[in-house]
Amino acid sequence: MGDVTLEHVSKHYDDVTAVDDMNLDIEDGEFICLVGPSGCGKSTTMEMIAGLTIPSEGKVFIGDREVTNLPPKDRGVAMVFQNIALFPHMDVYDNISFGLRLRNYDKEEIERRVERAAEIVQLQGMLERMPDEMSGGQRQRVAIARAIVRNPGVFLMDEPLANLDAKLRVHMRTELQRLHKELDTTIIYVTHDQAEAMTMSDRIAVIDSGQLQQIDPPLVCYNEPANLFVAGFIGSPSMNFLDGEVTADGFSSTNIDVEFDPADLGIEAGTDVTMGIRPEDVYLVDDEALVSNPSRRIDAVTDVLEPMGDEIFVYLKLSESAETDLEDTSGVANDQLLMSVAPDTDIEEDEDVTVVLDRSRVHLFDTATGEAISHGIETAVQTSGAPGTEAESDD
Amino acid sequence: MASETPGAGIGSDDPDTEQGPLGRWVDSAIKNPDRVYRAMFYVAMLFFLVTTLFPFYWLLVLALTPNNLIANMGLVPKGFNPEVFIAMFERVPFHLYMFNSFVLGITTTVLVLLIASLAGYVFGRLRFPGKGVLMLGILAISYFPPAAFLIPLFELFTGNTAISIGMVTISTPDLFNTPAPMVFPFSALFLPLSIFILTTFYGQIPDGLEDAARVEGTTRLGALFRVIVPLSAPGVATAGVLTFISVYNEFFFSFLMNNGEADSWAPIVAGILKYQGQFDTPYNLMAAASIVGVLPVAILVIIAQERIVSGLTAGALKE
Amino acid sequence: MATEQQSGETFSDTQRSGPYASAVNWMESLSETQFAYLLLTPALVLLGVIAVYPLVSTFSMSLFADRLTGTARLGEFVGLQNYVDLFTGARNYALPSQFLPTFTSEFPFVTNIYSSALAVTLIFTVFSVLFETLIGFGQALILDQDFRGRRWVRVAIIIPWAVPIVIQGMIWYLMFQPNIGFLVGTSENPALLNQLGLIGTTPLRNTADALFLIIVADVWKTSAFMALLILAGMQSIDRSLYDVAKVAGASRWQQFKLITFPLILPTVLVAMLFRTIDAMRVYGIIQTMAGCQTVPSLSCLVVTTFNTPLYGTSATVAFVTAGIIAVVVSVYIVNFASEGI
């Protein structure tokens, strides 16, 4: 009923392509997030599902019906907007019942449904207020009630929490998850906030430049990003990237080499690759002796420390000339590395340190195409303690 | 720079000087230029008030003076004859002409608001090729003189225009002495102003509200009339008031597109002109009818002055 | 809610049938461009039938000779001969005498300049627009101030704008009809305006006097329009600019000269253009105050020849009038197109 399928959907505006050959298969009852930077085409994709925008090419299906050219009113979808979009000239009751009244429901049925929807979003007793007499959070609830009151097959939510303050946003996230559990209806949720996507969705569809980059459950996107874009976009702070090439001994870059047998991963020597490693997969080595293979040790100097409370972000300089650019969180930098350590770690700025990488969590990407080549150059071994020590000693 | 406080100079006259009042005033004016400025301001304001309002007062003077006493009038009425406001209706059925003016005004206003709402929605909210050219075209047409339209329109509405469709040639119906030959030209004449006012207002409604209405189940037109138009009520009111006043005030087509009789939908133009009799000129009735004829628009101006001001400026300064 | 699943309901709309529903569905299926043109259709049809068609038709009529006898409205096709005749004076025999240019070609603009429709129209336009701008400016300066009762002063200033043209004409007719009031005297007992030589004792029957009074009447009615536009321009000026000027020690006059005037000049020019276009079509005030035989404007000439009926000549004059206005309009449009609207 509420499954949504996009087949080779594209949208062109004059000479700009907003969405390029998008294929999506969303199952009934799924909570799916369309995530990507602003201008990536995620909102256009949602508008095409809603019927507010008609695709230039391709087909859209909701349930088993093709709806590509149907107007929004005939698609059985409901939508919550970023700017909330309550009708300012109607009170809460009229806002919620707007769609039902358009469909000529009888009065009692409308009343019953509005009551029920108001109950779900905890708006009882506010039905006679005007939108401008309510707080941001309350207005957002009205918008949600307006969406759920029609029992739509699909909910579309276009950054519904973007205009709320941080505290309320986190609270509403939980509410939305509860709502999804209660209603068991497909929710398609657009956001540019990857954290929001990670915490709420069953699957994340990462979109960039109008193209679908990856659609997978949050942890898969996090652990096995399909390409450089996804790897850099998902996760905060972003993954470290180092450009280098594959030699007969493994990965080689200006400051860091990682040994492996290219043949095992099916890569030819000489290929330009980008290595990615997340900050939490870089480990501080207290006792150098624990690292069995000295060539896997990386010497660095700590630069800036950012204590976050539950962890400390450490900017590492891999060479003398390195300069930490705090603004740049996504780009490739061959002479620096971001590491996350436990909050009780004894570490200071400008200190010489030795670190190792968790080899099971090293990602390799083809620099030319950006496609992932491998996630981990060896399988993680289930042991306790820092993988940087134990895992290495197995070698 | 002198103090900005009004009246700061009052009481600052030096009691020791032995000048006359004028000398003292000049003296303090030099010390305090704001005073001169304020004096000039009030003089100018008084001048404008007198010049704009005197003609109305003159009408009242003439209306209240019995007609046989109207000669070499001064500033006050010679006599007091309020019955003139009854006599004017006996001489000419002025109430019927006013009724016609109201009907023409309201019909035109409704027609203009409807058509301009659709056009304003298109120009304010849609993107399509040819938009700029069409807007300029509509603007340009509204500037042509009514005289340039006169003959063909007269022919068209008197049933003298033949339309050939293939082999069949039909004449247009004779609509002279119905409201049509006035309502349609009025509508075309005053449509552009309303289009521009409504384009501005409709363009300011956030996209999200229209999208929300459509997802909730309206058509595009439904969203226009259920959400955009109600939210633009001030703009619609402005366009409506301006259109009504414009029609009520129009002369050219009001004068030429009917035979001047009240039962032929002639508006107040013909009514006022009817007082010029063949054998006498009842100045007092003319003045009384002018007063009665002005009242509706004067009341409208007092009630809706904010709307009128914003509409005139928006319509003129936009594009 | 999920248990009350009625998902079918939202789809039922498309299944609704009947002509209304299918019309709705058809309209919803249009692309944005198609929909835009559909909604513009009423406006375009109205303007097409009431404005574009008459304009084209007027032009084509102007290419035919007048028909003095018989039932047909127009004579034979003469091309641009009407325009040529009008400008060379060869058509003068047909025109009512008041429209004839009586000044000779050797001494243009010397004698009785007002006896030509074009001259009357241009004089009216130049002087009325000029004085409306000046007086409108003054009124705007007053209304820009904050004082008690401003709302009522504004109403008083706007009201003349709302007066119907026919009543405006009647008011000024009643003020300057001889023997009625103190504004016009007799030759034995001249009024102030007569003594000053501004008007004669039968001002509404004398072309020069009547034109002067018609300009005054138009200024009385229309200055408010200018005032409102100029006021809007003044009020859009950032007030902090004046604070800067005051701190720098500028006098009120300097503030006006250095800030107010340059910033509202573009607004004033646009407003003047609007008024120019409007003034070029003057007709109603003339007809009610003095009559077309006294003050023959271009629109008067069109109507008079139309009534005669000299359709070819009338159409030619109408199209010339439209052409003159079109030149003014295109100046305006080019001016704005260059500013990139």
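How many Å separate the centres of domain 1 of chain A and domain 2 of chain A, taken over C-alpha atoms? The separation is 39 Å. The model is predicted: local features need pLDDT of at least 70, side-chain atom pairs count only at pLDDT 80 or more, and totals for chains, interfaces and linings use all residues. Residues are numbered from 1 along each chain as its sequence is written, and chains are lettered from A and ligands numbered from 1 in the order in which they are written.

**View 1. The two domains of chain A.** Domain 1 covers 4–225 and domain 2 covers 237–393; such bounds come from an automatic or database domain assignment. Along the principal axes, the C-alpha atoms of chain A fill a box of roughly 80 × 45 × 40 Å.

**View 2. Secondary structure of chain A.** Chain A has 10 helices and 21 strands. Helices (H or I, at least four residues) and strands (E, at least two) are DSSP runs, numbered from the N terminus.

**View 3. Chain B against chain C.** Here 82 residues of chain B are in contact with 82 residues of chain C (C-beta atoms, placed from the backbone, within 7 Å). Helix α2 (residues 33–64) of chain B gives the largest share of the chain B side, 13 residues.

**View 4. The two domains of chain B.** Domain 1 (1–82) and domain 2 (90–317) of chain B have C-alpha centres 41 Å apart. Eight residues from domain 1 of chain B and seven residues from domain 2 of chain B make up the contact.

Technical notes. Two residues are in contact if their C-beta atoms, placed from the backbone, lie within 7 Å.
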